[in-house]
Amino acid sequence: MSESPEGERDETTPGQTGHGPSRPPPSAGLDDTSASAAQPPARRVVGQPAYSEDARSYDWMTGAYEGFRRAIVDALPVRPGQVVLDVGSGTGLCFGLLLEKVGPEGGVVGIEESPEMVAMALERIEQEGWRNTTVLQSRAEDAEIALTADAALFCAVHDILQSRVALRNVMNHLRSGAWVAAGGGKWAASWMLAVNLHRMILHAPYVRSFEGFQRPWSHLEQLLEDVHVRELGFGSGYIMTGHALPPARASGGARSCGPAP
Ligand SMILES: C[S@@+](CC[C@H](N)C(=O)[O-])C[C@H]1O[C@@H](n2cnc3c(N)ncnc32)[C@H](O)[C@@H]1O
């Protein structure tokens with residue numbers, strides 16, 4: 001995937017709309033200008049029916065991975081009252097797990113480009129009555145995040161992790177030292193052919209490219225310190241955590257330590 005993914009993914013002008021029946025506390029600083037009906041037409045997710053016409057079956061299709069999703073969220077040590085960015089939030093399957101941690105005083109802000117996935121997330125928010133959860137319909141690359149968050153979650157979002165532009169934009173809206181957790185699939189050792197074949201079939205509908213699938217966190221780790229990586233499922237999955245670098249060091253791409261497999 002290109003570092004400037006704008007050209008290769010878009011068919012139409014990117015849309016960006018803030019959504020949600022409720023939003024994080026005012027201290028979270030979510031700007032009202034992000035919510036507007038007068039936005040450009042929503043961009044469709046090119047070539048990924050899983051996030052457009054098949055979005056309604058996403059929860060069912062990925063339901064078996066609920067335990068893994070919880071493990072990734074559990075790796076993110078956020079406290080009650082904090083605000084978390086859920087980057088590539090999809091239908092909002094991580095919202096409830098995150099809300100268990102941040103509580104009613106905290107907040108969750110989803111960032112999701114697919115209008116169909118956002119629609120499902122909004123239904124979930126409405127049904128659950130979550131008053132401190134909102135969704136920003138936008139690409140992570142150019143999302144106008146009008147707050148400084150305490151943590152960010154990247155759950156099963158391989159494509160976003162391959163976009164340095166998206167990662168930089170998200171990190172620019174995290175406070176120094178904020179916790180970051182990422183997790184998803186990856187290639188196991190090359191001799192584990194059956195495991196990798198299974199991974200490929202499983203993930204194909206959900207990734208634009210398998211580029212970087214050997215070490216999906218390789219761009220993100222350059223923006224973090226105290227990076228730890230845990231591999232799961234015979235090396236076919238991972239959970240990575242780290243702290244956001246202070247801005248001066250992040251701009252230089254510094255990194256304090258490498259992954260611990
Ligand atoms: C596999 S789903 C994961 C959804 C959710 N995190 C979960 O755990 O179920 C990946 C999501 O990332 C979204 N996505 C992919 N690239 C994106 C980008 N550049 N900006 C925002 N969202 C993106 C897709 O539309 C999709 O909803």
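## Starting from valine 87

Let's begin with one residue in this predicted model. Valine 87 counts as buried because it has 25 C-beta neighbours inside 10 Å, and the cut-off for being buried is 20 or more. You'll find valine 87 in strand β2, which covers residues 83-87.

Which residues does valine 87 touch, once its neighbours within four places in sequence are set aside? The contacts are Ile111, Ala140, Ala152, Leu153, Phe154, Val157, Ile160 and Val170. Take Val170 from that list: valine 87 and valine 170 sit 83 residues apart in sequence, yet their C-alpha atoms are 8.1 Å apart in space.

## β2 and its partner β3

Strands β2 and β3 run parallel and are joined by five bridges. Across from valine 87 you'll see isoleucine 111 of β3, which is also one of valine 87's contacts.

How many of the residues of β3 are buried? Six of its six are, so the strand is mostly covered. In a regular strand, side chains alternate between the two faces of the sheet. Here, Gly107, Val109 and Ile111 point one way from β3, while Val108, Gly110 and Glu112 point the other way. Both sets are buried.

## The nonpolar core

In soluble globular proteins, nonpolar side chains tend to be buried together. The largest nonpolar core in this model has 63 residues. Val84, Leu85, Val87, Ala152 and Leu153 have the most contacts inside that core.

Leaving out neighbours within four places in sequence, leucine 85 is in contact with Val109, Ile111, Ile145, Ala149, Ala152, Leu153, Val170 and His173. Compare that with valine 87, whose contacts include Ile111, Ala152, Leu153 and Val170.

Ala152 leads us onward. Strand β5 (residues 149-155) runs parallel to β6, with six bridges between them. Alanine 152 stands opposite valine 180 in β6. As for β6 itself, residues 174-185, nine of its 12 residues are buried, and the strand is mostly covered.

Which way do β6 and β8 run, parallel or antiparallel? They are antiparallel, with seven bridges joining β6 to β8 (residues 237-244). In this pair, glycine 183 stands opposite isoleucine 239 of β8.

## Helix α5

An α-helix has 3.6 residues a turn, so residues three or four places apart point the same way. The buried residues of α5 are Pro115, Glu116, Met117, Val118, Met120, Ala121, Leu122 and Ile125. Just past the end of α5, glycine 129 takes a positive phi of about 70°.

## Around the ligand

What surrounds the ligand? There are 25 residues around it, and Gly88, Gly90, Glu113, Ser114 and Ala140 are the closest. β3 (107-112) and α6 (158-161) are the elements that give two or more residues to this shell. Sorted by class, the shell holds 13 nonpolar, six polar and six charged residues.

## Zooming out

Finally, the whole protein. It has nine helices and eight strands, and 45% of its 261 residues count as buried. Among contacts between residues at least 6 apart in sequence, 76% join residues at least 24 apart.

Key
Residues numbered from 1 in each chain as written. Predicted model: local features only at pLDDT ≥ 70, side-chain atom pairs only at ≥ 80, totals over all residues. Near = placed C-beta within 6 Å. Helix = DSSP H or I, 4+ residues; strand = E, 2+ residues; numbered from the N terminus. Nonpolar A, V, L, I, M, F, W, Y, C, P; charged D, E, K, R; others polar. Core = buried A, V, L, I, M, F, W, Y, C linked by C-beta atoms within 7 Å. Contact = placed C-beta atoms within 7 Å. Pairing = 2+ DSSP bridges.
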